[in-house]
Amino acid sequence: MKIGIGSSNPAKIKAAQPFIAYFKDSELVSYSSDSLVSAQPFSDEETKIGAINRAKDCVKQGAEIGIGFEGGVMEMEDGMYLCNWGAVADHDGNVYSAAGARILLPSLIVTGLKQGKELGTLMGEFTKDPEIRKKDGAIGVFTSGMLSRSEMFLHISTILLGQYIYSLNK
């Protein structure tokens with residue numbers, strides 16, 4: 001079985017491993033998939049749509065199951081939070097989605113976001129590591145390394161796999 005992931009980001013690819021472990025005779029293929037949302041999503045809804053679009057695009061490109069992950073930010077009364085979504089789609093048209101951890105972003109980062117910069121770029125500048133989005137990401141930095149970006153998406157991936165298995169067994 002060909003399982004596609006709509007990203008070449010190592011943190012996201014690592015997070016898709018539960019699907020490979022469950023579907024024993026499967027291969028994970030990385031696709032260049034466009035989220036069809038803003039480069040920096042600014043709401044839960046936009047971030048969710050981006051993940052769904054990536055998952056569906058993998059299926060369009062030949063995967064039997066497509067996985068999409070999208071990171072974004074969302075404004076709440078007390079500030080701006082990091083948000084993240086994942087989706088799984090299959091060739092039968094089924095789509096499932098799930099969200100993960102939230103964390104309040106520091107005002108320095110929020111200021112940059114409101115000036116039009118992407119979170120990944122800001123985090124690269126903040127940490128002096130332009131590849132931070134492919135490693136621990138903002139969640140890793142602001143949790144003192146207690147939770148990495150791949151672990152954050154792994155949580156979502158596990159939820160998605162559970163939803164997908166449930167749907168197969170209904």
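Helices (H or I, at least four residues) and strands (E, at least two) are DSSP runs, numbered from the N terminus. You're looking at a predicted model, where local features need pLDDT of at least 70, side-chain atom pairs count only at pLDDT 80 or more, and totals for chains, interfaces and linings use all residues. Residues are numbered from 1 along each chain as its sequence is written, and side-chain values use heavy atoms, with hydrogens and water left out.

**Stop 1: Cys58**

Select Cys58, which sits in helix 3 (residues 44-60). Is Cys58 buried or exposed? Its relative accessibility is 0%, so Cys58 counts as buried (buried is under 20% relative accessible area, exposed over 50%, partly exposed in between, with a 1.4 Å probe and protein chains only). Now show its contacts, meaning heavy atoms within 4.5 Å. Setting aside neighbours within four places in sequence, Cys58 touches Gly4, Ile5, Gly6, Tyr31, Ser33, Ala63, Gly66 and Ile67. Draw a C-alpha to C-alpha distance to Asp90 as well: 9.0 Å in space, for 32 residues in sequence.

**Stop 2: helix 7**

Next, pick residues 149-168, the 20 residues of helix 7. From first C-alpha to last, helix 7 reaches 29 Å, close to the 28 Å expected at 1.5 Å a residue (the expected span is 1.5 Å times one less than the number of residues). Colour its buried residues, among them Phe153, Ile156, Leu160, Leu161 and Tyr164. What covers them includes helix 1 (10-15), helix 2 (17-22), strand 3 (65-76), strand 4 (79-90), strand 5 (95-99) and helix 6 (137-142).

**Stop 3: helices 4 and 5**

Move on to helix 4 (residues 107-114) and helix 5 (residues 119-127), whose axes come within 10 Å and cross at roughly 135 degrees. That makes helix 4 oblique to helix 5 (under 35 degrees is roughly parallel, over 145 roughly antiparallel, 65 to 115 roughly perpendicular, and the rest oblique). Show Leu108, Ile109, Gly112 and Leu113 from helix 4, then Leu119, Leu122, Met123 and Phe126 from helix 5, and you have the contact.

**Stop 4: some loop residues**

Most residues other than glycine have a negative phi. Jump to Leu36, in the loop between strand 2 (27-30) and helix 3: its phi is positive, near 60 degrees. Leu36 is exposed at 64% relative accessibility. Lys128, in the loop between helix 5 and helix 6, also isn't a glycine and has a positive phi of about 65 degrees. Lys128 counts as exposed too, at 72%.

Finish on Gly93, in the loop between strand 4 and strand 5. Gly93 is exposed, with a relative accessible area of 56%.

Methods. Axes are lines fitted to C-alpha atoms, for helices over the stretch in contact, and angles run from 0 to 180 degrees between N-to-C directions.
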